[in-house]
Amino acid sequence: MAWGLPKLPGLTFSDPTKTQYHIRSSLRYYQGHRFPDTLIRGPGGTATDVDSNAFALPDDSVTYDPSLTYGRVKQAALPAVIPHWVHYDKRCLKFTAFFKQPVFENPDENYRVRVVNIVYFLEDDTITVIEPRVKNSGLWQGRMVKRGKIPKNDLGEFWHWKDLDIGKDICMYGKVFHTVSCDLYTKEWLESQGIELSKEEDLPTDPYTEKERWKNIQPPKRSKSHDDRLLRFLEYEGKVLSFNVVWDNRDAEHGELTEYKMYYFLQDDNISIKELHDGRGGKDPFPLLLKKRKLPKKWKERPVSFPSIALEITDEEVTEYYSPRDLIVGETIFVLGRRFLIFDCDAFTRKYYKSMLNIEQPPPIEVRHDTRKEFPKSFPPHIGIGAPEDTLQSCFGLVPKPPHKDVIKYNLNANKYLRYLCELDWIHPEDNGRQFVMAYSLADGTLKIGEIPRRNSGIREGKFLKAMRLQTPESNPNFPTYFTPDRFYIGAIVPVFKHRFKIVGCDLYVYRYMSANPEKFPQEVIDNVRNYHMREGNLKDELEEAIRDEQAAETRAQLAKIGQAAVAEPSAMERCLTALNVVEGSATPPRPPTPPMTTDRLPYEESLRINRLSKPTCDNIVPLKGILKSGAAKDDHQKVVCFSGPEVERQEPAHPATYQPGQQPHFDEDPNFCHKFKDADADDRAERRAKDICPYELIPSKQIQNQAGEEVAVKPKLPGYLGTYDVDCKEAPEYMRLPSDAYEKIKHMRRDVPEISPQALRMSKFPPEPMPSVDTCVNPPPEPQGPCAVTKEDVSFSCPRVEPGLPCCDPDKREQK
């Protein structure tokens, strides 16, 4: 062969004498054993090129033999080279693995756990999978994957012993095997190669095998407790241990720290857990997280096939329930898979643990809640289904509720409509003259429009707009505002779905409703509607009634002015009788300083009724009083007309006494006369009168009723003067009202007072003088001719004269002459 030529076509030459091309075997057999052949030959047994001296190097003592020059030297034999397929012959790595085979339409099992052995051959990196045969298993077992190189992925790689480990999933032709352990040789060999294996795992239990095993196990018998339930109920009824617990679920998505209230009922050892709802909401309003029941603490291992979704565990599966000894502050309990931390309890629970169980509960544990930043809540836009209020209700709860309706408003305003006459703001000539009736419902705020029929109009009249709430043009579509009656007036334009209606008229009921509810309408709208009805002539009756009311008001004002002039300041005698508190012996009680604000009317004849029946003589005239009131309801005035009789003998009573009409003691010159006959409640009434309170609370005495032969009946006390007639101060019957001509009658009565005596007639002709002061009466001068000197006159008038002196007890306006 030419070594210097390039290996190109035409430059290579073959040996024509070469006839053998076989490859020499690398092993030779000696006594039945294979040994490697160290003699290397080329095809056909020819020598290789590397055996030539041309390739020999000086540092290669094997090929470059210096013995050719210096002679042969004895050397040691070369070591034997053993191929790896010979070194690892009959050496394998064994892993124990399993795979789950699904089982369909079988009530006893859903899957099977099948155990296999994965064998890896080191001599040629091949793998086989063999399932050990189980007698009477009914399964096709044995070799599952025949020996060969198993592809690892789509890149052309194969599984190697470096890829094997315990707890690893190995996919072979679509079936996944999970390794759980290996034999001792595999573990030692891989550790010698620098591979550290993972921890061995346990084989999962087969559901069918586990079920068959439980059939052969005798369940333990539970001993029955000898607990007297009735005695326990009577002893512990109503006694509950209360604990504050918290469930920390913040490790889950959207979890939070939630507080609950746990109750332990001592009467039956049941436990219930109540959820504490906060103001933020967002949760279903369930009152109890756990209803009253026994809470299991330990239970027997349930089989895999136990239908937990449909059945609950019973006393047969539970071995221990939670008791009070397990509920300690700081401990964690498990409630159906949830971990609850007990962080506090109430005072009764601490006392129970201390006295009954001799356990001191630890102090409360502080539970810190994460403070969340509150973001402003914005309402979503209308989704287009239903009304905008329906969309808004979905923001207030998980279960949307229908919008609230004002039922009271609907019941009060049922079938009540405000009707307006409208014209279409026309553009096309054929719309000119079309009239419509717009009716606004006061019950639900809906608006409906109907067209008034016209003959030969060529337009189909009738319903134009069905009853619906109409949005205003400037309202937000998501949060609309609707038309209300305060926007409807004569001349207003109402846009209805691109149609413009102009209000040109309305019913008289519209104006009456506005007048009855002025706070709901602007004054301009009320005036606008009133002017319309005035022009239409619909308010003639109202105008006439208003004129009559105005004339009546003017008449009442004039009468009030006359009454104020006629009833001036009370005279001195009136004040004297008021100071004497002549109540039982008079027809009417004393006049209060401020008349009650009422519409009561009392005629003057009532005040003189008893006097007329008794037919008094000139020698036996008793003090009488009458009430004079004006015609105005708010301008009430009273007038007291007083007379005095001759001096009579009197005996000083030990206590304030009451007298029948006509039997009262007459006025004398005693300075203490006023104080002797004062009523016991005079000071109290004076104090109430100063506070502008009705001062009289009078009920006819039992003495008077007995003398009249009437049955004494206990009646409720009514305040004031009208209370003496069993009438409330704020309610007066019609017969007690003052007629309109009472002023003229009283004037004639005053003129027709009979002459008491010639001396009285003579004294009445003297000109009056100013009233002296009260101090002149209280502290009379020593001279016998003073204003308080004793007089023998049998008559004293309220108006002082020139000649006669005044009685000592006149209390008002006594001034020096």
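# Briefing: strands, sheets and aromatic rings

The charged end of lysine 292 sits over the ring of phenylalanine 265, at 4.3 Å from the centre of that ring. This contact is taken from a predicted model. The protein chain in the model has 817 residues, of which 32% count as buried. Its secondary structure comprises 20 helices and 22 strands. Among the contacts in the chain with a separation of 6 or more, 52% are between residues 24 or more positions apart.

**The sheet that runs from S6 to S7**

- Six strands make up an open sheet in the order S6-S5-S4-S3-S8-S7, and their pairing is antiparallel.
- The edges of this sheet are strand S6 (142-148) and strand S7; each has a single partner strand, so one side of each lacks a neighbour in the sheet.
- From one strand to the next, the twist averages 30°.
- Helix H3 (residues 184-192) lies across strand S3 (92-102) and strand S8, and it runs at about 115° to S3.

**The hairpin of S7 and S8**

- Strand S7 and strand S8 (residues 175-182) are joined by four bridges in the antiparallel sense.
- Two residues separate S7 from S8 in this hairpin, and tyrosine 173 in the turn has a positive phi of about 55°.
- In strand S7 (residues 169-172), Ile170 and Met172 make up the covered face, whereas Asp169 and Cys171 make up the uncovered one.

**The sheet that runs from S12 to S15**

- An open sheet is formed by six strands in the order S12-S11-S10-S9-S16-S15, with antiparallel pairing.
- Strand S12 (288-293) and strand S15 (332-335) are at the edges of this sheet; each has a single partner strand, so one side of each is left without a neighbour in the sheet.
- The twist in this sheet averages 35° from one strand to the next.
- Within the sheet, strand S10 (residues 257-265) and strand S11 (residues 270-275) run antiparallel and are joined by six bridges.
- Tyrosine 264 has isoleucine 271 in S11 as its bridge partner.
- Helix H6 (residues 347-356) lies across strand S9 (240-248) and strand S16 (338-345), at about 110° to S9.

**Aromatic rings**

- The model contains 17 aromatic pairs.
- One of these is the edge-to-face pair of tyrosine 440 and phenylalanine 488, whose centres are 6.1 Å apart and whose planes are at 70°.
- This pair links distant parts of the chain, 48 residues apart: tyrosine 440 is in strand S18, and phenylalanine 488 is in the loop between strand S20 (462-468) and strand S21 (493-496).
- Both tyrosine 440 and phenylalanine 488 are buried.
- Phenylalanine 464 and phenylalanine 501 have ring centres 5.3 Å apart and planes at 80°, so this pair is edge-to-face; planes over 60 degrees apart count as such.
- Phenylalanine 464 lies in strand S20 and phenylalanine 501 in strand S22 (residues 499-506), so the pair ties together parts 37 residues apart in sequence.
- Phenylalanine 464 is partly exposed, with a relative accessible area of 30%, whereas phenylalanine 501 is buried, with a value of 0%.
- Tyr420, Tyr440, Phe483 and Phe488 are linked into a cluster by ring pairs.
- A charge also sits over the ring of tryptophan 159: the charged end of lysine 152 is 5.7 Å from the ring's centre.

- Threonine 446 is located in the loop between strand S18 (435-441) and strand S19 (447-451).
- The relative accessible area of threonine 446 is 16%, so this residue counts as buried, the cut-off being under 20%.
- The side chains of threonine 446 and aspartate 444 are joined by a polar contact of 3.0 Å.
- Leaving aside residues up to four places away in sequence, threonine 446 touches Ala439, Tyr440, Ser441, Ala467, Met468 and Arg469.

Key. Residues numbered from 1 in each chain as written. Heavy atoms only, no water. Buried < 20%, exposed > 50% of the residue type's maximum accessible area, 1.4 Å probe, protein only. Polar contact = N/O pair within 3.5 Å; in protein donor to acceptor, adjacent residues only side chain to side chain. Contact = heavy atoms within 4.5 Å. Pairing = 2+ DSSP bridges. Axes fitted to C-alpha atoms, helices over the stretch in contact; angles between N-to-C directions. Phe/Tyr/Trp six-rings, centres within 6.5 Å; stacked < 30°, edge-to-face > 60°. Lys NZ or Arg CZ within 6 Å of the ring centre and 35° of its normal.
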